[in-house]
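Please look over the sequence and the model shown here. A short briefing follows, grouped by topic.

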Amino acid sequence: RKEGNTYVKLDSSLRSPVCCVLGHVDAGKTSILDRIRRSRVAAGEAGGITQQIAATLVSIEDIAAETVSINRSHNFTLKIPGILVIDTPGHESFSNLRTRGSTLCDVAILVVDIHSGLQMQTIESIKLLQSKRAPFVIALNKVDRVYGWKSVTNSPFKDSLKVQTEEVVQEFEKKMEAVIAELAMQQVNAVPYYKNKDFRKCPAIVPTSAVTGEGIPDLLLLLPLLSQKFLSDRITKRDAVECNVLEVKVQDGVGSTLDVLLLNGSLNRGDKIMLCTLNGAVTTKIQTILESSNMKSASGVQRIEGAIGARLICKGAEKTLAGTELHVIGPKTNEVELKKKVEAELETATSYLSSG
Ligand code: GDP
């Protein structure tokens with residue numbers, strides 16, 4: 001199906017990659033996240049009052065619409081169903097949330113303030129990404145604050161650069177070069193994405209402004225591009241349920257809710273599940289499944305398929321530990337064995353918590 005000039009041709013064997021946003025405080029992580037989710041929020045949740053689920057699916061149709069202006073010449077085919085962005089602090093999603101021993105995040109955005117360069121948490125984030133061998137792009141943020149910058153709202157970065165005076169371009173390049181030098185000291189060979197010839201070895205820099213939206217189309221196109229090119233095995237759908245609890249909340253009049261990330265497989269209303277709680281393994285049922293696209297319908301949906309974020313209402317779930325796995329109990333499940341596994345998980349999780 002054609003969306004403007006961006007070609008969408010879904011490959012049903014692929015799931016959406018999970019993306020998280022890392023970086024130093026105030027670099028613009030939340031603002032970038034909001035920008036990425038903007039089209040969806042505007043389309044689905046007028047007023048935006050509904051509390052966001054901790055993992056939001058940005059659909060490929062939205063990405064196609066937002067990237068028309070930049071994909072015109074490249075004609076890159078979009079095959080994945082979307083990008084699932086996680087809203088929890090990046091460090092937790094990486095260090096604590098694990099599924100089958102690997103990290104939950106498939107790809108990351110490292111946000112760096114072009115004026116501040118690398119800061120303490122930027123360096124911590126880089127170490128984390130390097131240790132997990134996670135592919136990432138660098139959003140070199142706040143370009144709109146380069147002295148004399150003329151903003152072109154929501155435009156691809158190269159179109160913005162064209163309207164700047166020579167002095168402004170020089171100033172921008174000087175600042176970018178300084179950050180590139182700092183990144184090199186951390187063994188990161190970063191290259192502006194429009195000059196990058198080897199995306200596997202060299203993380204791409206995308207200059208952005210979360211305030212004016214410049215460079216956001218570039219970022220939105222690069223994420224599927226990298227995922228399709230380098231992660232196709234990893235994002236091939238699997239039948240077995242892989243589901244992690246991102247956040248636990250108690251909602252007035254509703255009871256305990258779990259924001260989960262269903263990576264693979266499916267969940268159904270009424271499924272019997274086992275959770276890892278502070279009081280040990282708890283067996284309960286999924287009463288309601290709320291999806292971000294229909295948060296207002298009290299009955300929710302019958303079934304969801306990975307990869308997706310959802311909010312589950314379940315009795316007895318209030319002590320569930322964020323970061324642990326949600327297990328579905330099927331007719332063939334050995335509950336005694338599963339309980340042992342969950343209790344071992346509790347031990348790991350609590351020792352992690354007590355070690356700070
Ligand atoms: P976080 O702590 O990394 O999540 O950063 P925030 O997204 O909360 O942003 C910190 C501050 O920087 C806020 O006041 C934002 O409005 C501002 N900010 C974020 N991105 C940009 C940008 O691209 N340009 C400008 N001028 N300000 C930005």
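The points below cover the ligand site, the aromatic pairs, two further residues and one annotated span.

This is a predicted model, where local features need pLDDT of at least 70, side-chain atom pairs count only at pLDDT 80 or more, and totals for chains, interfaces and linings use all residues. Residues are numbered from 1 along each chain as its sequence is written, and side-chain values use heavy atoms, with hydrogens and water left out.

**Ligand site**

- The ligand is surrounded by 15 residues. A residue is near a molecule if one of its heavy atoms lies within 4 Å of it.
- Closest are Asp 26, Thr 30, Ser 31, Asp 144 and Ala 210.
- The shell holds four nonpolar, six polar and five charged residues. Here Ala, Val, Leu, Ile, Met, Phe, Trp, Tyr, Cys and Pro count as nonpolar, Asp, Glu, Lys and Arg as charged, and the others, Gly among them, as polar.
- Helix α1 (residues 29-44) supplies three residues, the largest share of the shell. Helices (H or I, at least four residues) and strands (E, at least two) are DSSP runs, numbered from the N terminus.
- Thr 30 has a side-chain N or O atom 2.5 Å from an oxygen atom of the ligand.
- Asp 26 places a backbone N or O atom 2.7 Å from a ligand oxygen atom.
- Ser 209 has a polar side-chain atom 3.4 Å from an oxygen atom of the ligand.
- On its own the ligand has 570 Å² of accessible area, and the protein covers 74% of that. Accessible areas come from the Shrake-Rupley method with a 1.4 Å probe.

**Aromatic pairs**

- A pair of aromatic rings is described by the distance of the centres and the angle of the planes.
- Rings of Phe, Tyr and Trp (its six-membered ring) pair if their centres lie within 6.5 Å; planes under 30 degrees apart count as stacked, over 60 as edge-to-face and the rest as tilted.
- The count by this rule is five aromatic pairs.
- Trp 149 and Phe 172 make a tilted pair, because their ring centres are 6.1 Å apart and their planes stand at 55 degrees.
- This pair links distant parts of the chain, 23 residues apart. Trp 149 sits in the loop between β10 (136-141) and α5 (157-162), and Phe 172 in helix α6 (residues 166-184).
- Trp 149 is buried at 9% relative accessibility, and Phe 172 is buried at 0%. Buried means under 20% relative accessible area, exposed over 50%, and partly exposed in between (1.4 Å probe, protein chains only).
- Tyr 193 and Tyr 194 have ring centres 5.4 Å apart and planes at 80 degrees, so the pair is edge-to-face.
- Tyr 193 is buried at 14%, whereas Tyr 194 is partly exposed at 24%.
- One aromatic cluster takes in Trp 149, Phe 157, Phe 172, Tyr 193 and Tyr 194.

**Two further buried residues**

- Asp 106 lies in the loop between β8 (102-103) and β9 (107-113). Its relative accessible area is 2%, so Asp 106 counts as buried.
- From Asp 106 to Lys 132 is 26 residues in sequence and 9.8 Å in space, C-alpha to C-alpha.
- Val 137 belongs to strand β10 and is buried, with 0% relative accessibility.
- Val 137 and Asp 113 are 24 residues apart along the chain, with 14 Å between their C-alpha atoms.

**Annotated span**

- An unreviewed UniProt entry places a "coiled-coil region" at residues 162-189. UniProt positions are given in the numbering used here, feature names are shortened, and annotations may be inferred rather than shown by experiment.
- In the model, residues 162-189 are 71% helix and 0% strand, with the end C-alpha atoms 26 Å apart.

Conventions: Polar contact = N/O pair within 3.5 Å; in protein donor to acceptor, adjacent residues only side chain to side chain.
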